[in-house]
Amino acid sequence: MSPPTTIAVPAAVSRSGEWLEDPGFGVYIHIPFCLHRCHYCDFNTYALKESAGAENVHRPYVDALVADIEANALDRGPATSVFFGGGTPTLLPAEDLGRILAAVRASVGIVPDAEITVEANPETVDERYFAGLLEAGFNRVSIGIQSLVPRVLAGLGRTHSPEVALGAMTVAKRAGVPDVNGDLIYGSPWERSEDWRASLEGLIEASPDHISAYALTVEEGTPLATLVATGRVADVDPDLQADRYEIAGELLGRAGYGRYEISNWARRGRASAHNVLYWSAGNYLGFGAGAHGHLDGTRYWSKRLPRDYIAAAAAGRSPEAGRETLAPPVRVAEALMLGIRLASGINLASFERRWGDGTLDVHAPEITALVTDGLIEEAGGWLRATPRGTFLASEIGSRLL
Ligand code: SF4
């Protein structure tokens with residue numbers, strides 16, 4: 001298949017972490033398999049150990065992804081970022097991930113300096129595996145560290161040890177992965193303040209380029225929700241999580257990591273282009289079971305179950321399960337809400353250039369009220385969340401939408 005016609009390519013893929021008027025174009029690939037299911041997880045993923053024969057699904061799933069990408073690239077590329085998420089993408093051989101990436105390159109196109117990320121579970125990777133990823137064209141790895149305290153990891157239902165987590169990070173760097181992210185989770189019922197500090201300090205010492213820190217949420221239908229509902233585990237405490245968030249800001253800031261989004265910190269020039277594309281309300285294609293895509297105000301999603309996704313792709317049918325088109329004011333409110341999650345906020349002049357003169361006027365009453373309440377502020381032509389608003393982003397979002 002010959003490469004598709006392309007739209008204008010940004011001169012260079014920005015890694016500044018600031019809101020972008022032209023955020024590029026993204027591709028998301030979903031790999032819905034894990035070694036086992038973590039207690040808090042509500043992602044669309046299926047555990048290998050708990051589902052007999054799941055490994056037999058892997059190869060047909062890769063074939064289905066390649067067929068989907070070839071059939072539905074939509075002539076919209078080239079991609080400035082590609083993100084393989086899950087699930088645990090690194091449960092698949094690096095060659096299979098490379099085959100999927102090659103399909104993206106051939107059908108969508110990928111700019112030369114694109115950010116190409118894969119999420120990795122510490123238990124599934126070693127130096128050879130990382131070498132395979134580099135050979136396939138990946139240049140960024142996001143490792144699910146979550147905690148460096150055994151009790152906390154056990155409570156979350158993670159089966160790796162702190163040593164294995166840090167080992168994965170060391171080995172990724174030794175293999176020459178140019179960009180490494182470490183994911184952490186804070187505010188679980190098993191975590192004390194000193195545990196959180198120890199996790200942050202341990203990860204900082206390992207010196208990744210980027211650190212994501214997410215507050216634990218109790219999602220319906222998870223084993224954690226049952227534990228909380230039956231009183232066997234305390235619910236998460238938002239005040240305590242706010243304290244932990246402050247600790248993260250303090251320790252990461254002191255170590256040279258700048259916060260560019262509510263939950264994301266990076267060394268200068270190492271912000272994730274794919275994250276910023278999401279927060280800048282950019283366009284992206286989504287491939288894989290349950291994957292979502294967004295094109296010019298239309299969101300679409302694929303069949304959730306891997307077997308349904310595989311059956312559709314194998315039969316040459318579209319795996320799409322649904323779509324919705326946002327009315328223009330909702331689309332602008334959503335872009336505003338997403339942009340305010342970035343530490344930069346949105347650039348007012350660029351925002352109006354992109355969405356049309358006067359688009360913000362429609363939302364002026366809500367914006368004024370949020371400014372009055374001290375949740376957002378305008379400075380130097382940028383509209384951003386205040387330090388208080390940063391932790392109340394969901395409230396800002398619900399008031400804008
Ligand atoms: S590894 Fe990630 S995706 Fe898989 S079950 Fe655990 S939290 Fe969910």
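Okay, let's start at the ligand: around it sit Cys-34, Arg-37, Cys-38, Cys-41, Phe-43, Thr-45, Gly-86, Gly-87, Thr-88, Asn-121 and Gly-144, where a residue counts as near if its C-beta atom, placed from the backbone, lies within 6 Å. That shell divides into 4 nonpolar, 6 polar and 1 charged. Here Ala, Val, Leu, Ile, Met, Phe, Trp, Tyr, Cys and Pro count as nonpolar, Asp, Glu, Lys and Arg as charged, and the others, Gly among them, as polar.

This is a predicted model, with local features needing pLDDT of at least 70 and side-chain atom pairs pLDDT 80 or more, while totals for chains, interfaces and linings use all residues. Residue numbers run from 1 along each chain as its sequence is written.

Now the domains. The protein chain has domain 1 (25–279) and domain 2 (328–400), with bounds from an automatic or database domain assignment. Their C-alpha centres are 28 Å apart. In contact are 8 residues of domain 1 and 8 residues of domain 2, contact meaning C-beta atoms, placed from the backbone, within 7 Å. On the domain 1 side that touches domain 2, by class, we get 6 nonpolar, no polar and 2 charged residues.

Last, two helices (DSSP runs of H or I, at least four residues, numbered from the N terminus). Helix 2 (residues 94–107) and helix 3 (residues 127–136) pack at about 15°, axes 9 Å apart; axes are lines fitted to C-alpha atoms over the stretch in contact, and angles run from 0 to 180 degrees between N-to-C directions. So helix 2 is roughly parallel to helix 3, a term for angles under 35 degrees. Ala-94, Glu-95, Leu-97, Gly-98 and Leu-101 of helix 2 meet Tyr-129, Gly-132, Leu-133 and Ala-136 of helix 3.

Technical notes
Contact = placed C-beta atoms within 7 Å. Parallel < 35°, antiparallel > 145°, perpendicular 65-115°, else oblique.
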